[in-house]
Amino acid sequence: MLIENGSLTQVENADIRNGVFVVPDGIREIYDWAFRKFPSPRKIIFSAGASYFGGFDWPFAHCHELEYFEVEEGNQEFSAEDGVLFDRSKSSLFCCPAKKSGGSYRIPDGVMDIDNCAFQGCLGLTEIIIPSTVTFIGDWAFDGCFGLKVLCLPQQIRTKSLGDFIFRSCVSLAEMTVPNGVELIGWGAFQGCASLKYISFPGTVRWIREDAFRGCDSLSGILFRGTPQQWEKNTIKEGNEALTAANKVYPKGTL
């Protein structure tokens, strides 16, 4: 493996033994695309002395066969539960392995942050249950979850935006209710959600970024939980023709 000043920059083929890669002691950062050159490990183990002080974005890209994370006893930065990687306190969910099986996954109560790319490419999940304790969901969080059919965002979520590409290519997702208080729908947020037929927005939405609904050719119904006048004031950027063409419905008494 290539290591520079405590940063793991590249994993070599010889580092993956019997499908297992061990993040060694002293590692403080894993570069994006570190696993890009060789076949994916099935398991990644964080040794007791491995730590990380940055945000996880793409370090496990190309780990398409990854089934399980494990954290050695004594590690002060990470924990793992049911094969999913968290921080030590389990308040942040860092990464769900791409080949996690079982269909349905319930994020543990107490998790507050779902990190960037946390569920990216988890093809085997059809349902993800998010607890009401979650207050932040990062960009690309569910990108490429082709089998995902059910995902209910907690209405108590305190974020004011849905991140860029957060649900991109969730091709089996048929409906979505955007939580109250959300003001911005990120760039490419629902891009390629070909089965999306229905979406409900809160009256707080003010800005829908470029390509947020590009390729959502099945979208036919929108419930806007505000007034027609509020909807008309929204800034809807280019690449959202499927959204603007869909039928709009408003709560009774707002017309």
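A salt bridge is a side-chain nitrogen of Lys or Arg within 4 Å of a carboxyl oxygen of Asp or Glu. The model here is predicted: local features need pLDDT of at least 70, side-chain atom pairs count only at pLDDT 80 or more, and totals for chains, interfaces and linings use all residues. Residues are numbered from 1 along each chain as its sequence is written, and side-chain values use heavy atoms, with hydrogens and water left out.

**Exercise 1. Work out which parts of the chain the salt bridge between Glu-65 and Lys-99 links.**

Step 1: The closest N and O atoms of Glu-65 and Lys-99 are 3.3 Å apart.
Step 2: Glu-65 lies in the loop between β5 (43–46) and β6 (68–71), and Lys-99 in the loop between β9 (92–95) and β10 (104–106). Strands (E, at least two residues) are DSSP runs, numbered from the N terminus.
Step 3: The pair is 34 residues apart, so it links distant parts of the chain.
Step 4: Both partners are partly exposed, Glu-65 at 39% and Lys-99 at 41%.

**Exercise 2. Describe the size and lining of the largest pocket.**

Step 1: A pocket is an open set of points on a 1 Å grid over the protein atoms alone, where a 1.4 Å probe fits, with protein on both sides within 12 Å along at least five of seven lines.
Step 2: The largest pocket holds about 510 Å³ of space, a volume being the space filled by probe spheres set on the points, which are joined across faces, edges and corners.
Step 3: Its lining, meaning residues with an atom within 4 Å of a point, has 30 residues. Phe-60, His-64, Ala-98, Gln-120 and Gly-121 lie nearest the centre of the pocket.
Step 4: Sorted by type, the lining has 16 nonpolar, 8 polar and 6 charged residues.

Conventions. Ala, Val, Leu, Ile, Met, Phe, Trp, Tyr, Cys and Pro count as nonpolar, Asp, Glu, Lys and Arg as charged, and the others, Gly among them, as polar. Helices (H or I, at least four residues) and strands (E, at least two) are DSSP runs, numbered from the N terminus. Buried means under 20% relative accessible area, exposed over 50%, partly exposed in between (1.4 Å probe, protein chains only).
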